[in-house]
Structures are given as C-alpha cells and as structure tokens.
Amino acid sequence: MPEKRALAPLPKKTFDDWHRFVATADSALLASLLSDHIVFRSPAVQSPIPGREATLLVLTTVVRIFENFRYHRTFIAGSHDVALEFSANIGQWQLKGIDLIKFNETGEMVEFEVMIRPLKALQALSEAMGNRIGPELARLKQAAAG
C-alpha cells in the first residue's frame with residue numbers, strides 16, 4: 001500500500017492560506033506567504049522570475065485575469081512540496097494547469113512553477129499579463145538581476 005504523505009505543519013498553514021488568497025485576492029495575505037527569495041517559473045517566459053515583489057505582482061494579476069478558476073486535485077510529494085491541478089477560462093479559451101509549490105522550513109513558498117495547456121490559452125494569458133504588467137515586471141526582473 002502506498003505511503004500517505006502530508007505537508008509539515010508550517011507548509012500546511014501556508015497551503016491553507018494560499019487557498020484563502022485564491023478566494024479573496026488579498027495581496028497582503030499573499031505577501032506573508034512568500035519568501036523574500038522565492039523563484040517563480042512562468043509557462044510563458046524562459047527565465048525564472050526572482051523575488052517576492054515580482055511574484056506578488058504576477059500572482060495577484062493572474063487571479064484577476066482568470067475566470068471560473070477552480071482547483072481539482074492536490075498531490076503531496078513530500079512534507080514541503082505540493083502540486084495542484086486547476087482549470088480556468090481566459091476569454092474564449094478553457095485551460096488546464098498545474099501549480100508546483102515548494103515550501104521552506106518556516107512554511108514560506110520558495111518556488112512556484114506553473115504549467116498550462118493548451119497553447120492557445122497560454123498565449124491568451126501571456127498577452128493579457130503582458131498588457132497589464134509587462135513593463136513593471138520587466139523592471140522588477142532587471143532590478144533583481146542587478
């Protein structure tokens with residue numbers, strides 16, 4: 001019989017608060033869940049997006065763009081790693097995706113990676129994100145690199 005895995009207590013609290021953020025879009029709540037050194041990996045860009053401020057910008061924007069967002073399944077890979085399957089709409093496109101989240105020992109999110117299909121939905125999301133936050137995100141990425 002497979003071993004039943006569970007998140008450690010601090011990551012579990014962050015995980016529960018993440019679901020509250022998704023329901024409320026409360027950026028102050030989200031900021032408290034992210035490590036200063038979080039790395040966000042977008043399905044739309046090649047290089048990782050480093051830092052709390054940039055990740056906060058991306059995640060608070062995407063929850064406002066997605067329509068009919070819903071998590072379907074949760075996969076716990078260990079005491080500090082989780083994968084969440086989701087669906088949403090963007091314009092005429094229905095999409096499916098996965099959020100991969102890694103937590104540190106204090107429960108903060110340190111890695112957040114997103115995968116989305118189909119390509120047309122990802123392209124529509126990329127365009128919407130670029131129109132809303134493109135220049136600001138580029139500035140934050142550049143500041144983090146320098």
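## The β3–β4 hairpin

Two residues are all that sit in the hairpin joining β3 to β4. This is a predicted model, where local features need pLDDT of at least 70, side-chain atom pairs count only at pLDDT 80 or more, and totals for chains, interfaces and linings use all residues. Residues are numbered from 1 along each chain as its sequence is written, and side-chain values use heavy atoms, with hydrogens and water left out.

(Strands here are DSSP runs of E with at least two residues, helices are runs of H or I with at least four, and both are numbered from the N terminus; two strands pair if DSSP finds at least two bridges between them.) Across the pairing, Gly-78 faces Asp-81 of β4.

Buried means under 20% relative accessible area, exposed means over 50%, and partly exposed is in between, using a 1.4 Å probe and protein chains only.

β4 also pairs with β5 (residues 93-103), again antiparallel, with 10 bridges. Here Asn-89 sits opposite Gln-94 of β5. A hairpin with 2 residues between the strands makes the connection, and Gly-91 in that turn has a positive phi of about 60°. As a general point, side chains in a regular strand alternate between the two faces of the sheet.

## Aromatic rings

The model has 8 aromatic pairs. For these, rings of Phe, Tyr and Trp (its six-membered ring) need centres within 6.5 Å; planes under 30 degrees apart are stacked, over 60 edge-to-face, and the rest tilted. One of them is the stacked pair Phe-40 and Phe-112, at 5.7 Å centre to centre with 25° between the planes. Phe-40 belongs to β1 (residues 34-41) and Phe-112 to β6 (residues 109-117), so this pair ties together parts 72 residues apart in sequence.

Both partners are tucked away: Phe-40 is buried at 3% relative accessibility, and Phe-112 is buried at 1%. Ring pairs also bring in Trp-18 and Phe-21, giving a cluster with Phe-40 and Phe-112.

Which residues does Thr-55 touch beyond its neighbours within four places in sequence? They are Leu-34, Ile-38, Phe-40 and Ile-49, where contact means heavy atoms within 4.5 Å. Thr-55 lies in α3 (residues 52-65) and counts as buried, because its relative accessibility is 0%. Its side chain also reaches the backbone oxygen of Gly-51 at 2.9 Å. A polar contact is a pair of N or O atoms within 3.5 Å; within protein, one must be able to donate a hydrogen and the other to accept it, and residues adjacent in sequence count only if both atoms are side-chain atoms.
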